[in-house]
Amino acid sequence: LVLACSFNAIGQAPCVPCERLKDLKLPDVTILSVESKANDSIRVPEPWLPIAVITKPFCRVTGRISAEINFEILLPQQWNERFLMSGGGGFVGAIHNGLRDRVNDGYATAGTDTGHSGPPFAAEWALNNMERQINFGRLAIHRTAIISKALINAFYCNEPAYSYFLGCSRGGGQAMVEAQLYPQDFNGIVAGAPAYSWPAIGAKFIHVSQKNYPDPKSMAPVLTPDNLKLLQQYTMKQCDKLDGLNDKIINDPRDCKFDVSRLPPCANNKAAANCFTKEQLAVLKAIYEPLVIDGKNIYPGFPAGLEAEMEWDAWIAGTQGPSLSFLVGTHMYKYLVFNDETWDYTRYNFKNYSRDTRMAASFLDATKTDYSEFKKNKGKMIIYHGWNDPSISAYSTIEHYEAAMQEDKDLPSYVKLYLLPGVLHCGGGVGCDNVDWEKLIQAWVEDNIPPERIISTKLSQGKVIATRPLYPYPKVTVYSGQGDASQEKNYKIK
């Protein structure tokens, strides 16, 4: 390998031929397969992502770290000296490499299953298996990054000039784990809608599920589709025009003083399409209000957002089947907190919440607010969150950022937060949800161009139909009052 390194230049013929990577000896690593490909179409486990179409020659390596951390790395024949790694959503359970197609642009890309296989919203794999739990919560991303760099070094005889990590949801939480615990792994990090406080998120989900699914046998939800439609009508009437636009977007939900108690109650508590029963109002209060245990705010409420209420069906209301928040919350507590598959969510009273969740939080959470080591390594991080996210409250991300600001007033010089009006979980919604985060973080790291003003776009059938500027928190973009509201030039800083 040393001789080969002496005669090859970066971006030209590989230092070690692809097929010989299978003979590479790395501690606690098994190379499972090595393929040299002229092109490929790779199906991905993330159903919201298209098939990855790769048109340039590359080397695909799959392997296993220790007993169960499976990974994949794609090495382009023409390398641009950069490494990209992506995170996974939910409980992961399959190799997530959402950046595979960036091989076409010369990037080496990698992903991992975080040490287990299974559906993204199920966690039976974790039952009484501490190694899998710690791999999932703390080690798999870090170890995959280290091994990926070793393979890159073997293939090209050089380390990456720059390394980047991008993830959303659980992937956003993984991004924050990297910034907080392994600040040397990546030069630039993008954390979208970060699931960084797991037992707290799970507690919120369980609290809402106790109200919405009081009978675990029937699993009949208290909320109905009629409730969601009526709720959206009321939030629209009360808050849509606060920003001067009638566009189904609440620009800053903090301005919307939505009060559940003002919703119309049903006479004699008899359910109807134009009112809410006491039980239905109790569910909405559990959603909108913070979860407080022993006088301490454990998790904030969700912002009022016009389209978000309609998106609750999948994540919260679950009128067509158990909600995703029910699945994530109960599986988290059964298999990662209590290690008890018979645990009954309906009987949990949160009395011993802190004690019950202390162990799980120690390997699941990324709640440290001290980013000083990341700063010392000259790292840069972008955090973003859609205001209409029905999965993870944007208020939670704001709380974390403000707490980190208390630690270091200079935080915005290397970590910036952006809030996207009308945008759902990791994207989607009526708001402008398309931003090239990768390009922005790369420009910040490599060219020292901080993303002070971002242009987000909304696409329809592949065409841009709206643009809106975004500024780092706490700045807020508002409509100027003149001109086409779909054009970014007609917005200003509040």
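1. C266 and C275 are both buried, where buried stands for a relative accessible area under 20%, exposed for over 50% and partly exposed for what lies in between (1.4 Å probe, protein chains only). The two form a disulfide with their sulfur atoms 2.0 Å apart, a disulfide being a pair of cysteine sulfur atoms within 2.5 Å, and the link is right-handed, with 100° about the S-S bond.

2. This is a predicted model, in which local features need pLDDT of at least 70 and side-chain atom pairs count only at pLDDT 80 or more, while totals for chains, interfaces and linings use all residues. Residues are numbered from 1 along each chain as its sequence is written, and side-chain values use heavy atoms, with hydrogens and water left out.

3. Four disulfides are found in a search of the whole structure, and one of them joins C168 to C426 at a sulfur separation of 2.1 Å. The torsion about this S-S bond is about -100°, so the disulfide of C168 and C426 is left-handed. C168 is buried at 17% relative accessibility, whereas C426 is partly exposed at 34%.

4. A disulfide also connects C239 and C256, S to S 1.8 Å, and its torsion of about 65° makes it right-handed. Both C239 and C256 are buried.

5. Why is C432 too far for a bond? Its closest cysteine sulfur, in C168, is 17 Å away. C432 is itself buried, with a relative accessible area of 10%.

6. F350 is buried at 7% relative accessibility, and lies 42 Å from P469, C-alpha to C-alpha.
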